[in-house]
Amino acid sequence: MPNKGKQILAVWGSPSSGKTVTVVKIAKELSINRKNVAVVFCDEVCPVLPTVLKTKKTVEGSIGEVLSAPSVTQELILKNCVCPGKNSYISFLGYKAGENVFTYAEYAKERAVDLLVLLRHIADYVVVDCSSALTDSILSTAALEVADTVLRLGSCDLKSVSYFMSCLPLIADRRFKPEKHIRALSNVKPRQDSGGYENTYGGVSYRLPHVAAIEEQFYSLALLDGLSGKEAKAYETVIRAITEEAFGNG
Ligand SMILES: Nc1ncnc2c1ncn2[C@@H]1O[C@H](COP(=O)(O)OP(=O)(O)O)[C@@H](O)[C@H]1O
Ligand SMILES: [Mg+2]
């Protein structure tokens, strides 16, 4: 049975801040409790499926098929979900290798909202990996509006600061509730001036540390694998706390 509490988390932030990594790690954390998790990858500039799926089989499903259909149905969503194999509780929905903005017909915001609403019925939890390019992704902006919780990731560099200065005004409208976003620093390396960036972002609730093994997993399509070591434990503690805040009843 789908749970009745907070169900949709949208993860948004600057380019390369670690959105995709964080989304997959949160999905893995949720799946530990044998809950079904739908992971939605919005990026159509750099399709995510070929960067997270370790499979020799040709990937058949694409979120583009769902969003460009005359109407979104549960059956269509399920047909286009891809199972990452290792973890039967997790389903991926995203653009596949070779696709780009011209592959499918344009879709309206209603389609994106329909998809997210239906996913609430299909899965216990939905985690959306939003595109940083908000103006190009109707699905990402719809997710920021519809999600029960938004996690905003920034990294400790000026590019990330510049990104938020440019993009926060795009979601200043009340319907996006930007003041409610959970703010976190991501991929924080020991020598970075995280305190300074924390202030620049108006304070953060979490700091996700850089873990060398995660970078390895990323490059070997193994983000759903477990981690070991002290660094990893510290990282997982933060992921668990974010997951609890995002989906807990508080
Ligand atoms: N906590 C982390 N520790 C180590 N590397 C990380 C961490 N978070 C992200 N990365 C690395 O940063 C890069 C960008 O991450 P990614 O999730 O693709 O960012 P985004 O989805 O925001 O573009 C990748 O090489 C990834 O391995
Ligand atoms: Mg990404």
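**Entry 1**

I looked up Leu185 first: its relative accessibility is 0%, so Leu185 counts as buried (under 20% relative accessible area, with exposed over 50% and partly exposed in between, for a 1.4 Å probe and protein chains only). This is a predicted model, in which local features need pLDDT of at least 70 and side-chain atom pairs count only at pLDDT 80 or more, while totals for chains, interfaces and linings use all residues. I note that residues are numbered from 1 along each chain as its sequence is written, that chains are lettered from A and ligands numbered from 1 in the order in which they are written, and that side-chain values use heavy atoms, with hydrogens and water left out.

Leu185 belongs to strand 6, residues 182-188 (strands are DSSP runs of E, at least two residues, and helices are runs of H or I, at least four, numbered from the N terminus). Strand 6 is largely enclosed by the rest of the structure, because 5 of its 7 residues are buried. I then checked Ser155, which is 30 residues from Leu185 along the chain; their C-alpha atoms are separated by 5.5 Å.

**Entry 2. Pairing of strands**

I followed strand 6 to strand 5: the two run parallel and are joined by 4 bridges (strands pair if DSSP finds at least two bridges between them). Leu185 in strand 6 is the bridge partner of Gly154.

Strand 5 (residues 149-154) also pairs with strand 1, in the parallel sense, over 5 bridges. There, Thr149 of strand 5 is the bridge partner of Leu9. Strand 1 is joined to strand 4 (residues 125-129) as well, by 4 bridges, and these two run parallel. Across that pairing, I found Val11 opposite Asp129 of strand 4.

How many residues of strand 1 are buried? I counted 6 of 6 for residues 8-13. Both faces are covered: Ile8, Ala10 and Trp12 are buried on one side, and Leu9, Val11 and Gly13 on the other.

**Entry 3. Positive phi**

Most residues other than glycine have a negative phi. I looked for exceptions and noted Lys177, with phi near 40 degrees, and Asn187, with phi near 55 degrees.

Lys177 lies in the loop between helix 7 (158-167) and strand 6. Lys177 counts as partly exposed because its relative accessibility is 37%. Asn187 is found within strand 6. At 30% relative accessibility, Asn187 is also partly exposed.

**Entry 4. Ligand 1**

I asked where ligand 1 sits, and found it in the largest pocket. A pocket here is an open set of points on a 1 Å grid over the protein atoms alone, where a 1.4 Å probe fits, with protein on both sides within 12 Å along at least five of seven lines; a molecule sits in it if more than half of its atoms lie within 2 Å of its grid points.

Which residues come nearest to ligand 1? Of the 16 around it, they are Lys19, Thr20, Val21, Pro209 and Val211 (a residue is near if one of its heavy atoms lies within 4 Å). Helix 1 (19-31) and helix 9 (212-219) each supply at least two residues of the shell. Helix 9 gives the most, with 4 residues.

An oxygen atom of ligand 1 lies 3.1 Å from a backbone N or O atom of Ser17. For Val21, a backbone N or O atom is 2.9 Å from a ligand oxygen atom. A polar backbone atom of Pro209 is 2.9 Å from a nitrogen atom of ligand 1. On its own, ligand 1 has 550 Å² of accessible area, of which the protein covers 88% (Shrake-Rupley method, 1.4 Å probe).

Notes: Polar contact = N/O pair within 3.5 Å; in protein donor to acceptor, adjacent residues only side chain to side chain. 1 Å grid on protein atoms, 1.4 Å probe; cavity = no way out; pocket = protein on both sides within 12 Å on 5 of 7 lines; lining within 4 Å.
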